[in-house]
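Biologist: I am new to this structure. Please show me how to read it, one feature at a time.

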Amino acid sequence: MKFKEFLPEWRKEGKEPPELIKNKGWNFTDPLINEWMNWFQYRTYASLKELQENSLHKVDFVQKMNTMERGTRDIIFVSEFKDDVIGGDWSPVMNKIFSFYSDSTSPYYRKRIKVIFDSNVTYTIKSTVTINPKWASVDMRGSKIQTNGLGIQGFLTALRIDSQETYANDFNSQVLHLGIYLVGEGKSIPGSVGIEYVNTAGAKFIGMRVSNFESNIYILDNSYLLTWDHCNFSHAVYAVHIPAGRSNYGERLTFIDSNLGNSDYSLLNNNSQGGVHLEACSLDFTNKGIIKSQGGTTFLNNCHIEFNTEVMEETPFQVSGNGATLIVRGGVLLAIGTLPLNNYIVEGDGYSLFEGIKMHNLKTTTKQFASNKGVHEVIIGNTNNQHSFGFTKIASSHNTFIDGSFEFESILDLIWISADTDQISNRFKGQNVQISLDTKNYNSGNKSLKITKMNKNGINSPGAVSMALPLLKFDPKRKYPFIEWSMAKLNDNGVGGKIGIYFEWVNLMNTSDMKTPLILKVQSVSQTTYNINNKESKNWMKFNSNGNDKILYNPPLWATHILIRFNFWGYDGDNGNASINLDDLFFEMA
């Protein structure tokens with residue numbers, strides 16, 4: 001606070017009185033009284049002048065706390081300390097303010113304080129500022145903290161949130177930090193961090209904005225149960241980064257109504273101990289990927305995810321490592337751009353589930369949504385998918401078929417020619433029967449399975465196709481009540497005939513060989529027929545087993561698969577011109 005009274009100037013220096021006069025005082029009759037009076041007046045003026053000129057630099061912060069006109073016992077206004085800033089660097093001042101709780105001479109000792117910044121002011125910091133969330137909360141009121149010299153002389157972290165306690169159990173949602181606005185000097189500075197969390201639990205951050213660091217948010221040891229609400233993390237390599245190998249960290253990290261976009265990645269989650277929850281967030285226009293996880297668990301609910309296929313360099317969702325899990329439910333997954341993505345929408349040897357999402361314009365060079373490695377499920381909601389894949393509406397966890405809609409580049413399920421006029425050496429190509437993918441005729445998606453009989457040795461000639469569905473082993477209560485597929489003959493060639501369809505319990509070996517599997521044991525279950533008249537075409541027709549038919553319940557314990565066999569002995573293939581198509585194969589494991 002500046003002095004209000006003007007300084008009484010006195011420039012005549014005079015002479016200093018001797019100690020005797022200083023002790024007993026003067027008399028008006030003393031011959032040098034005028035010089036002594038001048039000395040006293042001048043010394044008084046000089047001392048007051050020095051005090052006014054230097055008091056803001058000399059007065060202790062605690063004294064300033066006791067004289068703040070606007071201050072109270074729990075509120076500190078940063079503007080009161082602007083005259084203590086040296087060289088434009090606010091970091092020493094901020095660190096002093098945020099450490100009052102530990103200063104036993106301060107009236108704020110062991111008191112929770114609220115630090116309020118002036119509105120719309122830029123505060124430059126040249127070293128790390130540490131905030132203890134147990135004792136201080138922040139309200140920035142639209143002001144900005146800007147780093148200067150990031151990456152120089154060990155300055156890599158702008159703000160550190162640290163309770164300095166291994167288990168921070170005694171503070172929770174009452175700790176609110178409002179509008180922290182922090183800007184770095186570019187994501188290309190290696191190791192740069194916007195806000196680092198350590199020993200922090202139960203804090204909530206509202207209206208935070210962090211940008212231009214390699215990692216805008218970085219989670220370390222003993223940090224968990226944190227919430228970010230209506231925040232914006234952008235222009236980084238990683239908008240949010242949870243590294244591997246830390247301790248006691250990562251439980252229930254929640255982002256609500258926030259933007260984690262306009263970066264290389266929205267989230268790098270390599271923590272196998274906790275979980276990241278994104279609720280109604282935007283993950284828009286990342287450059288390399290969206291979610292990248294090595295062992296981490298991530299949940300997205302009702303988020304808006306939008307990216308440009310011509311900019312995205314990698315597979316958007318990468319889920320790898322032991323325990324890696326990604327659950328995406330609701331919201332929008334939208335791509336713009338005309339070029340397909342390289343590889344997939346999701347890949348890795350982890351697990352992912354996409355359920356009830358509106359998807360649009362998703363295209364990949366492989367024409368697959370997910371990699372063959374790992375377990376990746378898709379349950380489509382309201383889908384505008386005319387430029388995308390022909391998804392089934394069934395999750396793979398319910399469907400034993402890997403690709404029952406035949407949208408992949410090759411046949412992935414256990415399907416093979418099981419009878420032919422010659423020895424069978426290739427699962428898909430025999431002398432009398434051939435199996436292929438049909439890109440012109442399909443019930444859904446962009447492909448179906450085509451079975452062609454060549455009529456070698458006439459109409460009544462050997463020809464069969466089998467498909468085996470693996471059973472859950474070592475479960476005496478296992479039940480398999482439902483099998484479904486669509487079947488068609490889409491031209492009027494040939495004289496028709498009948499195709500026998502047989503269900504059998506089997507024990508198989510050599511299922512990974514390109515030759516036909518070896519059937520060690522078989523037991524018939526049931527059968528039906530598909531009848532075609534002379535010159536008849538048949539549109540897509542759905543076949544299914546009755547879910548209430550107990551004949552498909554309780555397979556024998558020796559059975560490894562249930563087998564569906566299509567016998568073409570009595571069917572006229574018209575020398576390869578009367579193919580049969582199958583699509584949308586589904587086998588539910590109950």
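## Reading the model

Modeller: Let us start with a pair of charged side chains. Lysine 542 and glutamate 484 form a salt bridge, and their closest N and O atoms are 3.9 Å apart. The pair ties together parts that are 58 residues apart in sequence, because lysine 542 lies in strand β35 (residues 538–544) and glutamate 484 in strand β32 (residues 482–489). Keep in mind that this is a predicted model.

Biologist: What is the general idea behind such a pair?

Modeller: Side chains of opposite charge can pair when their charged atoms come close. Here the cut-off is 4 Å between a side-chain nitrogen of Lys or Arg and a carboxyl oxygen of Asp or Glu. The 3.9 Å between lysine 542 and glutamate 484 is read against that limit.

Biologist: Is lysine 542 buried or exposed? And glutamate 484, buried or exposed?

Modeller: Lysine 542 has a relative accessible area of 53%, so it counts as exposed, the cut-off being over 50%. Glutamate 484 has 18%, so it counts as buried, the cut-off being under 20%.

Biologist: How many salt bridges are there?

Modeller: The count comes to twelve. One of them joins glutamate 355 to arginine 329, with the closest N and O atoms 2.8 Å apart. This pair also links distant parts of the chain, 26 residues apart. Glutamate 355 sits in strand β26 (residues 351–360), and arginine 329 sits in strand β24 (residues 325–336). Glutamate 355 is partly exposed at 27% relative accessible area. Arginine 329 is partly exposed too, at 37%.

Biologist: Which side chain meets glutamate 9 in a salt bridge?

Modeller: That of arginine 11, at 2.1 Å from N to O. Glutamate 9 is partly exposed, with a relative accessible area of 46%. Arginine 11 counts as exposed, at 62%.

Biologist: Which residues are linked in a network of salt bridges?

Modeller: Glu16, Glu19 and Lys22 are linked in this way.

Biologist: Now the strands. What order do the five strands of the open sheet have?

Modeller: Read across the sheet: β3-β6-β9-β12-β15, with parallel pairing. At the edges are β3 (122–125) and β15 (232–234), and each of these pairs on one side only. Neighbouring strands are turned by 15° against each other on average, direction ignored.

Biologist: Take one pairing. How many bridges join β12 and β15?

Modeller: Three, in the parallel sense, with β12 covering residues 209–211. To place the two strands side by side, look for arginine 209, which stands opposite asparagine 232 in β15.

Biologist: Next, empty space. How is it found?

Modeller: Rolling a probe the size of a water molecule over the atoms shows where empty space is left. In this model, a search of the whole structure finds two cavities of 30 Å³ or more.

Biologist: What volume does the largest cavity have, and which residues line it?

Modeller: Its volume is about 40 Å³. The lining is Phe117, Ile131, Val138, Met140, Ile145, Leu159 and Ile180. By class, that makes seven nonpolar, no polar and no charged residues.

Biologist: And which residues line the second largest cavity?

Modeller: Ile97, Phe98, Phe100, Tyr101, Tyr108, Lys111, Ile113, Trp135 and Ala136. The volume of this second largest cavity is about 30 Å³. Its lining has eight nonpolar, no polar and one charged residues.

Technical notes. Residues are numbered from 1 along each chain as its sequence is written. This is a predicted model: local features need pLDDT of at least 70, side-chain atom pairs count only at pLDDT 80 or more; totals for chains, interfaces and linings use all residues. Side-chain values use heavy atoms; hydrogens and water are left out. Two strands pair if DSSP finds at least two bridges between them. Helices (H or I, at least four residues) and strands (E, at least two) are DSSP runs, numbered from the N terminus. Axes are lines fitted to C-alpha atoms, for helices over the stretch in contact, and angles run from 0 to 180 degrees between N-to-C directions. On a 1 Å grid over the protein atoms alone, a cavity is a set of points where a 1.4 Å probe fits but cannot get out, and a pocket is an open set with protein on both sides within 12 Å along at least five of seven lines; lining residues have an atom within 4 Å of a point. Grid points are joined across faces, edges and corners, and a volume is the space filled by probe spheres set on the points. Ala, Val, Leu, Ile, Met, Phe, Trp, Tyr, Cys and Pro count as nonpolar, Asp, Glu, Lys and Arg as charged, and the others, Gly among them, as polar. Buried means under 20% relative accessible area, exposed over 50%, partly exposed in between (1.4 Å probe, protein chains only).
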